[in-house]
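These are my notebook entries on a structure that I am reading for the first time. I set down what I looked up, entry by entry.

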Amino acid sequence: MKKGLIVLIVVAILGIGLYQWAVGFNNTAVTYEANAKTAWSNVESSYQRRNDLIGNLVKTVQGAADFERGTLKDVIEARAKATSTSIDANNLTPQNMAAFQQAQSGLTGALSKLMVVVERYPELKANQNFLDLQSQLEGTENRINVARDRFNEQVNIYDIHTTKFPGKLLAGLFGFEEMARYSADPGSENAPDVDFDFQ
């Protein structure tokens with residue numbers, strides 16, 4: 001009788017220990033996942049700020065009557081595409097991240113071209129409103145970079161927690177999947193070609 005009671009107590013203690021470990025793993029994974037989702041929201045917020053600033057920049061540039069309409073149209077179209085591409089924080093798959101990143105890269109490219117073309121327009125370069133917007137855009141680009149780095153840091157913490165053994169066993173049971181990181185644009189490791197020939 002005593003042997004059976006001892007075995008029952010040992011099994012109960014092991015069961016309680018496993019339960020506490022599983023609960024601890026789950027709660028920590030939920031916290032890390034929520035932190036990563038919040039960091040993603042901050043990335044989207046930074047991009048939204050940029051999109052809002054670009055709207056004001058476009059209105060300012062439109063005031064220059066002889067400004068290249070094609071360049072401006074490219075920025076407007078790229079902005080529309082970028083604002084229509086968003087990702088639910090619960091669906092951060094590599095495919096969705098790639099689509100979001102592609103839309104944002106298109107806007108970055110169109111905006112860069114706009115800034116190069118502006119060099120031909122002294123009245124725009126002297127416009128205080130334009131200069132303020134240009135400065136705010138530069139600051140926002142820095143914010144975007146910081147937000148993306150912080151997102152990747154939070155995803156890294158979450159992924160390490162859910163993929164290291166033995167937590168990986170529980171991650172599968174509880175439905176925790178590896179999250180996609182924000183990566184550099186393809187070709188960004190190469191220096192851009194700068195063409196100063198405005199003829």
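I begin with a term: a residue is called buried under 20% relative accessible area, exposed over 50%, and partly exposed in between. By that scale R181 is partly exposed, because its relative accessible area is 34%. I note also that the model is a predicted one.

Entry 1, R181 and its partner. I looked up the salt bridges and found that the structure holds four. In one of them the side chain of R181 meets that of D159, with 3.0 Å from N to O. D159 lies in helix 5 and R181 in the segment after helix 6, so this pair ties together parts that are 22 residues apart in sequence. Is D159 buried or exposed? I recorded D159 as buried, at 3% relative accessibility.

I then moved to another residue of helix 5, which spans residues 128-163 and includes N152. Beyond its neighbours within four places in sequence, which residues does N152 contact? I found R181 and Y182. The relative accessible area of N152 is 18%, which is under 20%, so I count N152 as buried.

Q101 has its place in helix 3, residues 94-118.

I looked up K113 and found a salt bridge with D74, whose closest N and O atoms are 3.9 Å apart. K113 belongs to helix 3 and D74 to helix 2, so the pair ties together parts that are 39 residues apart in sequence. K113 is partly exposed at 45% relative accessible area, and D74 is partly exposed at 34%.

Why are K73 and E77 separated by about one helical turn? The reason is that they stand four residues apart in helix 2, residues 69-84. I noted K73 as partly exposed, at 49%, and E77 as partly exposed, at 45%.

Last, I looked up the bond joining F165 and P166, which is cis, with omega about 5°. P166 sits in the loop between helix 5 and helix 6.

Definitions and conventions
Residues numbered from 1 in each chain as written. Predicted model: local features only at pLDDT ≥ 70, side-chain atom pairs only at ≥ 80, totals over all residues. Heavy atoms only, no water. Helix = DSSP H or I, 4+ residues; strand = E, 2+ residues; numbered from the N terminus. Buried < 20%, exposed > 50% of the residue type's maximum accessible area, 1.4 Å probe, protein only. Contact = heavy atoms within 4.5 Å.
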